Amino acid sequence: MSKFTPEQFQDYLKKIREMAEGPFEEMEPEVEQTDRFPQRFFDLVQESGIYRCALPEEYGGYGMNDLELVKVQEEYSRGPGGMRMYLHYAMGMNWRILHDFAGAEMKKEFMPKFQDATVFTCFGLTEETGGTGADLHTTAVLDGDEYVINGEKTLISYAQYCNYAYVFAVTNSESNKDDRLSAFLVPMDTPGMEVLPMPRPMGCRGAGYGKLRFTNLRLPKKFLIGQEGQGLHIAVHSLAVSRAHVGVSNLGIAQRMMEISIARAKDRVTFGKPLAKRQMIQSYIAEMGTYINALRTMLYDFARDFDAGKEHETKAAMAKYFSILTVQKVSDYMLLIFGGIGYFEDCKFGPVERLYRDCRVTWLEEGPPTVLKLTAARGLLQSNGVLEYLD
């Protein structure tokens, strides 16, 4: 629990919502055209303290627990999708990997620098020639006191903004077990590192997507995170927490879509009465609300488990999977309630067309539905279908 009083925390949530739906939305037309965040975005994020929300107090952070973070994230997820992605990462994997796995010296050097984004990272796992697990092809070969890294990563968010990259590479090519990979923190200005552009995305503009190419990049051993062969464990552990928070992103998006849909339903009059008085529209709204509130309950339960140190990977996978079902249903009903005008970019009730595009990326963030189902099934089989729920 952070040092915020309940009243201070509620004021903070209000501040974040106002920022997401105010200045962030005002900047978004420019972002849609340029596919880049303006400097004002980063200045506002710095002033808001979001970089510090999850960071432990010993490193200059607010030390919020996960339940508090869920509530903060729901508020800023109401805003533009690319900005939501950046903030979701900033509050989580950006610092958490080093916090959970790095040695004392690396933590001392880097952890305090996350509070103001002096250090900002990207997560270099996915490859075109492999998946995102043990079948990677990027290699890191130890040569004296340095690793020589060769390979390429793709679909890397924030590659255009970061100054360090978490890179997962094969260090034990002879193994067919979970110890094939290791994790590294690579400075982006290291010779042999290239950032290559990617095509324009469907939604979530400005998230800084790029490819990372390593050509005989020499990295001192001190940048190895944890132990050699621990890379897959680091990736899986980190993704489990982040998956649940992608679910929180969907919660914030879905809540806003429901609210603007209700406003439209009350405003739009056909054949003498508002859409909101028609049974079919009411059924859409009822389903929206049911899914959203069920998702919120799942995410709060996950957060309490995580804060209590309980096993959380199974619930994280289920929560993210259910969040996809939720945002899919809610976005489809939103478009049906708005009708043809919802297909166009400008709408007085909110960015209907953009929200519809932005939410689609969450199908893929931190694992698609197939991976989420496999993860959930594995946990359920191990526990014989019994899940513990906290009071």
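Helices here are DSSP runs of H or I with at least four residues, numbered from the N terminus. The structure is a predicted model, in which local features need pLDDT of at least 70 and side-chain atom pairs count only at pLDDT 80 or more, while totals for chains, interfaces and linings use all residues. Residues are numbered from 1 along each chain as its sequence is written, and side-chain values use heavy atoms, with hydrogens and water left out.

**View A. The largest cavity and the helices that line it.** A cavity is a set of points, on a 1 Å grid over the protein atoms alone, where a 1.4 Å probe fits but cannot get out, and its lining residues have an atom within 4 Å of a point. A search of the whole structure finds one cavity of 30 Å³ or more, and about 110 Å³ of space lies in the largest cavity, a volume being the space filled by probe spheres set on the points. Of the 13 lining residues, His-88, Met-91, Gly-92, Met-93 and His-245 lie nearest the centre. At least two lining residues come from each of H4 (66–76), H5 (81–90), H6 (93–101) and H8 (231–267), and H8 gives the most, with four residues.

**View B. The aromatic pair of Phe-41 and Phe-42.** Rings of Phe, Tyr and Trp (its six-membered ring) pair if their centres lie within 6.5 Å, and planes under 30 degrees apart count as stacked, over 60 as edge-to-face and the rest as tilted. The whole structure holds 28 aromatic pairs. In one of them, the ring centres of Phe-41 and Phe-42 are 5.3 Å apart and the planes stand at 70°, so the pair is edge-to-face. Phe-41 is buried (under 20% relative accessible area, with a 1.4 Å probe and protein chains only), its own value being 0%, and Phe-42 is also buried, at 16%. Both rings belong to a cluster linked by ring pairs, whose members include Tyr-51, Tyr-86 and Phe-120.

**View C. The aromatic pair of Phe-338 and Phe-349.** This pair is edge-to-face, with 5.9 Å from centre to centre and 70° between the planes. Phe-338 lies in helix H10 (residues 313–338) and Phe-349 in the loop between H10 and helix H11 (352–358), so the pair ties together parts that are 11 residues apart in sequence. Both Phe-338 and Phe-349 are buried.

**View D. The charged end of Arg-360 over the ring of Tyr-356.** A charge sits over a ring if NZ of Lys or CZ of Arg is within 6 Å of the ring centre and within 35 degrees of the ring normal. For Arg-360, the distance to the centre of the Tyr-356 ring is 3.8 Å.

Terms used
1 Å grid on protein atoms, 1.4 Å probe; cavity = no way out; pocket = protein on both sides within 12 Å on 5 of 7 lines; lining within 4 Å. Buried < 20%, exposed > 50% of the residue type's maximum accessible area, 1.4 Å probe, protein only.
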